[in-house]
Amino acid sequence: MNDPISLKSNREVSLIPQSIVSQEGMDFALANKYPGRELVILASKGETRLERFEGKQLEFGRGTLLQGPLSSSNAEALRELLPWLKPQVLGLKTSAGMGDRLGLATPGHVRAARACMGKVAPIFAQQSIRELARTGRTPQQVMDDAMWGVFQENWQEGFGADADHLKTETDIDACLAAGFTFFTIDPGEFVNDQADNLALEDLRNLAVDLPSAMRESEIDLLNCSRTIQGLDIHFSEVILLKAMVKYGHAIWHVVKMYEHLRIASAGRPFELEVSVDETKSPTSHAEHYYIAHELKRMGVQWVSLAPRFVGEFEKGVDYIGDLAAFDADVAGHAAIAKEMGPYKISLH
């Protein structure tokens with residue numbers, strides 16, 4: 001009796017053992033090939049699905065062995081045959097963006113995710129447009145590099161892909177085409193940090209310049225009070241106008257970006273994060289409530305919001321500031337997120 005065709009019997013290729021996976025009569029794996037890796041597929045002779053892949057085909061016993069590059073076209077073909085290599089929407093699961101900046105670290109990120117025993121949903125593909133410009137990479141390269149890492153480690157538990165800190169509709173289109181599922185909109189350049197220090201009359205004058213649709217919040221919120229899990233929020237004229245002047249134009253930008261994404265996605269599932277964390281002044285709890293109120297009123301659906309917390313976060317530094325004040329700040333933002341969503345609070 002002939003032995004079944006299997007990559008595991010191949011001694012001619014330096015296979016990465018954990019990558020070997022069988023699907024519908026075909027074996028797939030990655031192999032080490034100086035100075036990097038290659039895709040290896042073993043199938044029965046005459047298997048037409050091999051034609052989807054580029055590479056060299058060789059006879060291997062009773063089958064055909066394909067050795068191909070880790071190209072974008074091969075990545076796309078592999079995703080079609082192994083659906084677990086496609087990123088997913090993650091919903092309200094606790095998630096962590098890994099951010100493989102150079103396309104080399106995802107195998108290690110997968111092992112870290114496994115060590116979390118399912119407590120954290122990983123976002124393996126994540127890079128901002130700003131970082132892409134600095135590294136010379138494209139959204140498609142970020143997606144494909146992360147996918148090859150997922151494939152190498154045989155991670156079949158699902159993962160997200162974050163198109164991070166998007167500022168323009170062109171950014172959205174490029175990341176949507178690459179298959180990203182999570183879109184972080186960064187309207188930071190539309191945030192007016194000076195609002196915290198302006199007098200009432202100046203705030204009134206600047207509020208007039210907001211789009212007419214953004215002025216309607218005064219009807220709902222002016223002189224209103226909210227109590228959320230012991231957190232008291234009162235919208236005096238000063239507090240409301242500061243929120244409107246500080247974040248009104250930013251919210252309007254998010255609305256336009258969301259509408260573009262909704263139409264461009266053509267029904268494909270996606271998730272939205274709103275990020276106002278890269279600003280000079282913290283987001284107060286009243287301002288957070290205002291942002292969420294306006295997003296809901298304007299029909300935006302989002303899964304995560306990144307406020308600007310008190311204190312400072314820097315690369316390689318855990319936290320700079322009063323930890324008790326930070327705890328209280330996070331607790332207030334989390335309470336608002338539960339009340340107005342629920343949605344996740346994002347810490348960058």
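Predicted model: local features only at pLDDT ≥ 70, side-chain atom pairs only at ≥ 80, totals over all residues.
A195 touches L203, K242, V245 and K246, leaving aside residues up to four places away in sequence. A195 sits in the loop between β9 (182-185) and α6. Is A195 buried or exposed? Its relative accessibility is 0%, so A195 counts as buried. The C-alpha atoms of A195 and H333 are separated by 20 Å. Along the chain, these two residues are 138 residues apart.

## The chain as a whole

The chain has 348 residues, and buried residues make up 50% of them. It holds eleven helices and 16 strands. Its C-alpha atoms fill a box of roughly 85 × 40 × 35 Å along the principal axes. Consider the contacts between residues at least 6 apart in sequence: 68% of these join residues at least 24 apart.

## Helix against helix

| Helix pair | Crossing angle | Axis distance | Handedness |
|---|---|---|---|
| α6 (residues 200-207) and α9 (residues 237-264) | roughly 45° | within 9 Å | left-handed |
| α10 (residues 285-297) and α11 | about 20° | 10 Å | right-handed |
| α5 (residues 169-177) and α9 | about 30° | 10 Å | right-handed |

Start with α6 and α9. Their axes cross at roughly 45°. The two helices are therefore oblique to each other. On the α6 side, the contact is made by L200, L203, R204, L206 and A207. On the α9 side, it is made by E237, V238, L241, K242 and V245. How do the residues of the contact of α6 with α9 divide? Seven are nonpolar, none is polar and three are charged.

Now take α10 and α11. They pack at an angle of about 20°. That makes α10 roughly parallel to α11. From α10 come H285, H288, Y289, A292, H293 and K296. They meet A328, D329, G332, H333, I336, A337 and M340 in α11. The contact of α10 with α11 divides into six nonpolar, five polar and two charged residues. H333 in this contact is the residue whose C-alpha atom is separated by 20 Å from that of A195.

## Aromatic rings

A pair of aromatic rings is described by two things: the distance of the centres and the angle of the planes. How many aromatic pairs does the structure hold? There are eleven. One of them joins F313 and F326. This pair is edge-to-face, with 5.6 Å centre to centre and 65° between the planes. It links distant parts of the chain: F313 lies in strand β14 (residues 312-314) and F326 in helix α11 (residues 323-340), 13 residues apart. F313 is partly exposed, at a relative accessible area of 33%. F326 is buried, at 14%.

F326 has another partner, Y319. Their ring centres are 4.7 Å apart and the planes meet at 35°, so this pair is tilted. Both Y319 and F326 are buried. F309, F313, Y319 and F326 form one aromatic cluster.

Most residues other than glycine have a negative phi, and most peptide bonds are trans. Four places in this model depart from that pattern.

Where are the cis bonds? One runs from Y34 to P35, with omega near 10°. P35 is in the loop between β2 (26-33) and β3 (36-44). Another cis peptide bond joins G341 and P342, with omega about 5°. P342 is found in the loop between α11 and β16 (344-345).

Two residues other than glycine have a positive phi. For N154, phi is about 55°. N154 lies in the loop between α4 (139-152) and β8 (160-166). For N223, phi is near 65°. N223 lies in the loop between α8 (217-221) and β10 (225-228). Is N223 buried or exposed? With a relative accessible area of 52%, N223 is exposed.

Conventions
Residues numbered from 1 in each chain as written. Heavy atoms only, no water. Axes fitted to C-alpha atoms, helices over the stretch in contact; angles between N-to-C directions. Helix = DSSP H or I, 4+ residues; strand = E, 2+ residues; numbered from the N terminus. Parallel < 35°, antiparallel > 145°, perpendicular 65-115°, else oblique. Left-handed = near helix turned anticlockwise from the far one by under 90°. Contact = heavy atoms within 4.5 Å. Nonpolar A, V, L, I, M, F, W, Y, C, P; charged D, E, K, R; others polar. Phe/Tyr/Trp six-rings, centres within 6.5 Å; stacked < 30°, edge-to-face > 60°. Buried < 20%, exposed > 50% of the residue type's maximum accessible area, 1.4 Å probe, protein only.
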